[in-house]
Amino acid sequence: MSALRFWLLLLVAAVLSALPLIGLPLRWAGTFFHELSHGLMAAATGGDIVRIVLRTDGSGLCVFTGGWGVPVAFAGYAGAPLWGLGIFALASGDSQRDDAPILAGLLGGTVAITALLYARDAVTIVISALLVALLLLPLRRRWRNGRALQAGLEVLGLAVMLDAVQAPLALFGLSGRHDGADLAAHTWLPAPLWAGLWCVLAGACLWLAWRRVRALR
């Protein structure tokens with residue numbers, strides 16, 4: 001991948017994410033990986049996922065029982081950019097291999113299985129079905145275009161990382177319960193500190209994506 005391609009894809013990801021309707025699937029994807037990260041950390045620390053909720057406005061919720069509060073609360077905003085970096089890194093791999101269909105299938109399967117296990121409301125089911133369709137329909141032979149699918153997955157990874165940079169900014173000055181407030185209650189470290197840390201982590205993921213592009217040149 002060339003440096004120009006990276007910056008063009010980053011611009012496309014930023015523009016699409018900002019559009020009112022077209023950008024919704026990208027925001028839903030970011031929210032899905034955020035909530036899934038909460039759930040996976042809860043399961044990894046001895047808890048159980050009860051349900052995952054996705055809303056039309058791009059917000060979401062992971063309801064769980066048990067688990068260790070600090071890493072579970074931290075995992076949402078921390079996990080999403082890591083998912084984005086992983087998607088981008090895998091999609092922008094060896095140009096001699098066509099791994100994009102495999103990656104799209106794995107991502108679509110992840111969304112589908114998560115919805116089957118943990119979606120309990122109609123809105124979450126519909127949003128999950130739309131995400132699965134967007135990931136799997138391009139795999140149909142009549143629509144399949146390897147380069148287009150690769151570019152789409154690269155844009156998805158970059159959009160998830162961009163969203164992970166922007167989303168914690170909304171926590172500054174926000175009252176009520178949220179991940180930063182939960183961490184503040186557990187650790188006595190202020191919520192803005194956690195929000196800043198999440199922004200830095202997401203920015204670091206974007207930087208690592210850029211470093212990967214430079215290494216592949």
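**From an exposed tryptophan to the core and its spaces**

W188 counts as exposed because its relative accessibility is 76%, where exposed means over 50% relative accessible area, buried under 20%, and partly exposed in between, with a 1.4 Å probe and protein chains only. The model is a predicted one, in which local features need pLDDT of at least 70 and side-chain atom pairs count only at pLDDT 80 or more, while totals for chains, interfaces and linings use all residues. Residues are numbered from 1 along each chain as its sequence is written, and side-chain values use heavy atoms, with hydrogens and water left out.

W188 is found in the loop between α7 (179–187) and α8; helices (H or I, at least four residues) and strands (E, at least two) are DSSP runs, numbered from the N terminus. The backbone of W188 has a phi near 65°, a positive value in a residue other than glycine. Most residues other than glycine have a negative phi.

L158 lies in helix α6 and, because its relative accessible area is 0%, is buried. Leaving aside neighbours within four places in sequence, L158 is in contact (heavy atoms within 4.5 Å) with F6, L9, L10, A13, F88 and L206. L158 and V12 are 146 residues apart in sequence, yet their C-alpha atoms are 9.3 Å apart in space. M161, with neighbours within four places in sequence again left aside, is in contact with P81, G84, L85, F88, A202, C205, L206 and A209.

S37, in helix α2, counts as buried because its relative accessibility is 6%, and, not counting residues up to four places away in sequence, S37 touches A75, G76, G79, A80 and W83.

Rolling a probe the size of a water molecule over the atoms shows where empty space is left. On a 1 Å grid over the protein atoms alone, a pocket is an open set of points with protein on both sides within 12 Å along at least five of seven lines, a cavity is a set where a 1.4 Å probe fits but cannot get out, and lining residues have an atom within 4 Å of a point. Grid points are joined across faces, edges and corners, and a volume is the space filled by probe spheres set on the points.

The largest pocket has a volume of about 810 Å³ and is lined by 30 residues, of which H34, E35, G60, Y77 and D179 lie nearest its centre. Elements giving two or more residues to this lining are α2, β2 (60–65), α3, α6 and α7, with α2 giving the most, 6 residues. By class, the lining of the largest pocket has 11 nonpolar, 11 polar and 8 charged residues, where Ala, Val, Leu, Ile, Met, Phe, Trp, Tyr, Cys and Pro count as nonpolar, Asp, Glu, Lys and Arg as charged, and the others, Gly among them, as polar.

There is 1 cavity of 30 Å³ or more, and about 40 Å³ of space lies in the largest cavity. The residues that line the largest cavity are F32, I52, L54, T114, A115, Y118, A119, T124 and S128.
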